[in-house]
Amino acid sequence: MKLSARNQLVGTIKDIKEDKLMAEITVSIQGGQELVSVITVSSARRLDLKVGKPVTVVIKSTEVMLATED
């Protein structure tokens with residue numbers, strides 16, 4: 001698979017939490033850090049995502065925002 005997105009990280013699925021519509025996928029990457037992706041349950045099933053499966057995390061975003069109450 002080739003993509004134009006440069007922000008690609010290889011990791012392993014650590015945890016999957018599903019509700020009726022969405023799935024929260026936790027991926028462990030190099031250095032023990034974790035990333036979380038929220039996708040539809042149908043996409044998770046189509047990709048056959050399972051704990052322990054290797055995946056590539058592709059980050060394509062124009063902005064990432066954080067806020068505090070301070």
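In which strand is Ile13 found? Ile13 sits in strand E1, in what is, keep in mind, a predicted model. Ile13 has a relative accessible area of 2%, and since buried means under 20%, Ile13 is buried. Now look for Lys53: Ile13 and Lys53 are 40 residues apart along the chain, yet their C-alpha atoms are separated by 5.5 Å.

Zoom out for a moment. The chain has 70 residues, 19% of which count as buried. There are 4 strands and 1 helix, and reading from the N terminus the order is β-β-β-α-β. If you like to set up a box, the C-alpha atoms fill one of roughly 40 × 30 × 25 Å along the principal axes.

Next up, the charged side chains. Side chains of opposite charge can pair when their charged atoms come close.

Start with Glu34 and Lys14, which form a salt bridge with the closest N and O atoms 2.3 Å apart. This pair links distant parts of the chain, with Glu34 in strand E3 and Lys14 in strand E1 (residues 8-18), 20 residues apart. Both ends are partly exposed: Glu34 has a relative accessible area of 41%, and Lys14 comes in at 48%.

Arg45 forms a salt bridge with Glu18, where the closest N and O atoms are 3.2 Å apart. Here Arg45 belongs to helix H1 (residues 41-46) and Glu18 to strand E1, so the pair ties together distant parts of the chain, 27 residues apart. Exposed or partly exposed, how does Arg45 count at 58% relative accessibility? The cut-off for exposed is over 50%, so Arg45 counts as exposed. Glu18, at 41%, counts as partly exposed.

Then there is Lys50 with Asp48, whose closest N and O atoms are 2.8 Å apart in their salt bridge. Lys50 is partly exposed at 48% relative accessibility, and Asp48 is partly exposed too, at 40%.

Leave the charges and turn to a nonpolar part of the surface. Which residues make the nonpolar surface patch of about 370 Å²? Leu21, Met22, Val36 and Val38 do. Take Val36 as an example: Val36 lies in strand E3 and counts as exposed, with 52% relative accessibility.

Finally, let's look for open space. Rolling a probe the size of a water molecule over the atoms shows where empty space is left. In this model the largest pocket holds about 480 Å³ of space. Its lining is made of 16 residues, with Ser37, Ile39, Thr56, Val57 and Val58 lying nearest the centre. Which elements give two or more residues to that lining? They are strand E2 (22-29), strand E3 (34-40) and strand E4 (54-58). Sorted by class, the lining of the largest pocket has 13 nonpolar, 2 polar and 1 charged residues.

Notes: Residues are numbered from 1 along each chain as its sequence is written. This is a predicted model: local features need pLDDT of at least 70, side-chain atom pairs count only at pLDDT 80 or more; totals for chains, interfaces and linings use all residues. Side-chain values use heavy atoms; hydrogens and water are left out. On a 1 Å grid over the protein atoms alone, a cavity is a set of points where a 1.4 Å probe fits but cannot get out, and a pocket is an open set with protein on both sides within 12 Å along at least five of seven lines; lining residues have an atom within 4 Å of a point. Grid points are joined across faces, edges and corners, and a volume is the space filled by probe spheres set on the points. Ala, Val, Leu, Ile, Met, Phe, Trp, Tyr, Cys and Pro count as nonpolar, Asp, Glu, Lys and Arg as charged, and the others, Gly among them, as polar. A salt bridge is a side-chain nitrogen of Lys or Arg within 4 Å of a carboxyl oxygen of Asp or Glu. Buried means under 20% relative accessible area, exposed over 50%, partly exposed in between (1.4 Å probe, protein chains only). Patches are made of residues with over 30% relative accessible area and no salt bridge: like charges are joined within 9 Å, nonpolar side chains (Val, Leu, Ile, Met, Phe, Trp, Tyr) within 5 Å. Accessible areas come from the Shrake-Rupley method with a 1.4 Å probe; for residues, only the protein chains shown count as cover.
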